[in-house]
Amino acid sequence: GEVTESSFKDYVSTLQKFKTTYKGEPQYTILEDKIKEATEVNDVINDIASINPYKLTGFSREVTNARTAYDALTDKAKSYVYNEQLLQTYEAAAIIVTQISNIKLTDTAAEYKRKVEAAKEAFDNAPMEVQNAVGNMDTLKTHENTLHRVDELSTIIASLNKDISTLTDSQISEFVAMLAEAKTLYESLSTTERKLVQGYQLVLDHEKGIGSAMEIVALINEISPSLATFAARTEAVKKKYDALAETDRKFVQNYDKLESYIEPAAISNALKKLKTTSKTFEADVADLRQRFDALTPTQQGYISNSSVLTDAEQKLVQVEEMEKLISTIASATAEDMMSVVMSAGEAFELLDAGQRKLVENASELTKFEGIVKDVLKVEALIDKIDIQSKQFTKQATAAQKAFDKLTPEERLYVRNVSALASTGPISDFLVKLSKLRTSSKTYRQDVEDLRVEYMQFDAETRDLVGNYEAEPKLVEAERMISQANYVDERIARVG
């Protein structure tokens, strides 16, 4: 019956069992040799199957070697080769593999086309098992793709074989499009693949004839709004277009595309130059917003840095809010003014240099910051006043002097002025009391005035000045005046 891999292995296993019994027998030895020869051929064929055909450089050679080994067998030995059908499959595949391998980009255009088509036809007509054994099919697909592009380009070149001077305006568009397509296809080919293209000189001749117009067409097609060079490229291409002769401009059939880029590119360039430090910043932002809103949604999408405009508008909003905040300072109460000025100052510092220049009432903030600085110093001096301290009068005097130096407007914002007012009379009284001198011509009047001031104090204040022995000092002064009066009277009587 037909030998299969399984039945062959069973047969070899059975033969091994009788090896001891029939060893040395001529018939057994002959059979054993045939089996060994068949096994070697089976292995050679199986080795082909186990190797990845994509990486086997000598695929056809290996198949030929297997066929040679098989043909060298006797008919009896051949009957034990169970995979001869697989060898036939590989032989058929090897023919196609060789066909594909013989396809060279260096062939003439006609020869290249013939080889590719022949190999494709052979592959398509082969059984599935043969197709599966063709390891370089990807190479054939690559050649097919190359041939397809070459044929496509050849068709376009044939269509371009005409006198362009006779073209109507409606035909120019189609002609230019084909010319651009031919150039794109040609440039997509490798240097070696280009050698398969016949008649490309015609494309070059037409390009030379149209000249700069075709260059501009290509440059326009290369402009991409998604690239960082969009604005710069658009501006450069527009300059080239403007330099064209009027008669050549009709060949720039994609000018509408360039025209749709011009305003977005101009706005994009203007946004790059937009600075808050510019004297015209506010007007520039308003102008750019108007121009941006006039664009179509598609054109707006071309401006990759459009966020600069919204950021600039936000900066102007911040400036406006800053001005409003500063304007509220003047009407703030003394209690609130400090916090309002500090908040405004912090907000002002967060603005950039350009924004700060745009704040029209920034001088008002500066003025109030100066007021706050002076007022805080006075408040600090007032807070230091300690009526129990030996330095009380010095503290009160220093605070009063500082307060007196303030402008009338600044004094309105001193929040602890009441503390100064309550300690001021006490300090004045104690200072005048400490300066009493019997040698003074106004000594009697000074003592009387101090007594009047003292009597006007309430009980709590008298207790406070009592810490400085005000009452004993005043009584002592009054006693001295009384004695002086007594002496004066005696003198007057004697006289």
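This is a predicted model: local features need pLDDT of at least 70, side-chain atom pairs count only at pLDDT 80 or more; totals for chains, interfaces and linings use all residues.
**Helices, salt bridges and a pocket**

Colleague: How many salt bridges in the whole structure?

Modeller: The search finds 26. One of them joins R67 and E91, at 2.5 Å from N to O. R67 sits in helix α4 (residues 59-71) and E91 in helix α6, so that pair links parts 24 residues apart in sequence.

Colleague: R67, buried or exposed?

Modeller: Buried, with a relative accessible area of 17%.

Colleague: Which residues are in the network with R67?

Modeller: Salt bridges link R67, D71, E84 and E91 in a network.

Colleague: What about K367? What does K367 pair with?

Modeller: E409, with the closest N and O atoms 3.9 Å apart. K367 is in helix α21 (residues 362-384) and E409 in helix α23 (residues 408-411), so this bridge spans parts 42 residues apart in sequence. K367 is partly exposed at 35%, and E409 is partly exposed at 34%.

Colleague: Switching to α6. How far does α6 reach?

Modeller: α6 has 18 residues and reaches 25 Å from first C-alpha to last, close to the 26 Å expected at 1.5 Å a residue. The expected span is 1.5 Å times one less than the number of residues.

Colleague: Which residues of α6 are buried?

Modeller: E84, L87, T89, Y90, A93, A94, I96, V97 and I100. Several of them turn up around F59 in helix α4, which touches Y90, A93, A94 and V97 among others.

Colleague: How buried is F59, and what else does F59 touch?

Modeller: F59 has a relative accessible area of 3%, so F59 is buried. Its other contacts include I48 and A133, not counting residues up to four places away in sequence. Contact means heavy atoms within 4.5 Å. F59 and V97 are 38 residues apart in sequence and 8.0 Å apart in space, C-alpha to C-alpha.

Colleague: And N83, where is N83 found?

Modeller: In the loop between α5 (75-78) and α6 (84-101). N83 is buried, at 5%. Beyond neighbours within four places in sequence, N83 is in contact with N42, I45 and N46.

Colleague: On to α19. Which residues are buried there, and what do they pack against?

Modeller: The buried ones are M337, M338, V340, V341, A344, G345 and F348. They pack against α18 (307-327), α20 (353-358) and α21. Helix α19 (residues 334-350) has 17 residues and reaches 25 Å, close to the 24 Å expected.

Colleague: Last topic. How much space lies in the largest pocket?

Modeller: About 270 Å³. On a 1 Å grid over the protein atoms alone, a pocket is an open set of points where a 1.4 Å probe fits, with protein on both sides within 12 Å along at least five of seven lines; lining residues have an atom within 4 Å of a point. Grid points are joined across faces, edges and corners, and the volume is the space filled by probe spheres set on the points.

Colleague: Which residues line the largest pocket?

Modeller: A180, K183, T184, E187, E207, G211, M214, E215, V217, A218, N221 and E222. The elements giving two or more residues are α10 (169-188) and α13 (212-222). The largest share, six residues, comes from α13.

Colleague: How do the lining residues divide by type?

Modeller: Four nonpolar, three polar and five charged. Ala, Val, Leu, Ile, Met, Phe, Trp, Tyr, Cys and Pro count as nonpolar, Asp, Glu, Lys and Arg as charged, and the others, Gly among them, as polar.

Terms used
Residues are numbered from 1 along each chain as its sequence is written. Side-chain values use heavy atoms; hydrogens and water are left out. Helices (H or I, at least four residues) and strands (E, at least two) are DSSP runs, numbered from the N terminus. Buried means under 20% relative accessible area, exposed over 50%, partly exposed in between (1.4 Å probe, protein chains only). A salt bridge is a side-chain nitrogen of Lys or Arg within 4 Å of a carboxyl oxygen of Asp or Glu.
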